[in-house]
Amino acid sequence: MAYWLMKTEPEEFSYADLERKSPEMWDGVRNAAAARHMRAMRPGDLFLFYHTGSERAIVGVGRVVSEPYPDPTAEEGNWVAVDVEPAYRLPSPVTLAAIKADPRFSDWALVRQSRLSVMPVSPDQWQWIHEMARMG
């Protein structure tokens, strides 16, 4: 099993939307690096659900429930989608500001490549995020 972080604008698709519409297709990724990460996803992988925009916080955990498949919303290119479902909400959101303030995350793509919408999460980072969510 691998861990990921996936970003979305909560006005377009929030964690509450995922809870209501599960399972749901995660589509529309049009960045080569993010798409490469999506191609590596497998059923059972878990991901941190990150609200972008004004929130900028990890709010929950989701589960990948399908193999990657061609994104039906793509008019051209080799883009992929995966189906996802909610796993659980975090007890307290973990803000980007809190992550940036913690030196353990200094090398994480979330801090270094802020525009990347899908990225891997190491087991240590996964644990640290969960620790921070319980402290909130």
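## Surface and charge

The protein exposes about 7000 Å², of which carbon and sulfur atoms supply 48% (Shrake-Rupley method, 1.4 Å probe). Its side chains include 15 positive and 19 negative ones, and the centres of these two sets lie 5 Å apart. Lys and Arg count as positive and Asp and Glu as negative, with His and the chain ends not counted; each charge is placed at NZ of Lys, CZ of Arg, CG of Asp or CD of Glu.

## Basis of the model

This is a predicted model, in which local features need pLDDT of at least 70 and side-chain atom pairs count only at pLDDT 80 or more, while totals for chains, interfaces and linings use all residues. Residues are numbered from 1 along each chain as its sequence is written, and side-chain values use heavy atoms, without hydrogens and water.

## Fold and dimensions

Five helices and seven strands are present (DSSP runs: H or I of at least four residues, E of at least two). Along the sequence they follow the pattern β-α-β-α-β-β-β-β-α-α-β-α.

The C-alpha trace spans about 40 × 30 × 30 Å along its principal axes. Of the contacts (heavy atoms within 4.5 Å) with a separation of 6 or more, 68% join residues 24 or more positions apart.

## Nonpolar core

Of the 136 residues, 46% count as buried (under 20% relative accessible area, 1.4 Å probe, protein chains only). The largest nonpolar core has 42 residues, among which Trp26, Ile58 and Trp108 touch the most other members. Such a core is a set of buried Ala, Val, Leu, Ile, Met, Phe, Trp, Tyr and Cys residues joined through side-chain atoms within 4.5 Å.

Leaving aside neighbours within four places in sequence, Trp108 is in contact with residues including Leu5, Leu48, Ile58 and Ile129.

Methods:
Buried means under 20% relative accessible area, exposed over 50%, partly exposed in between (1.4 Å probe, protein chains only).
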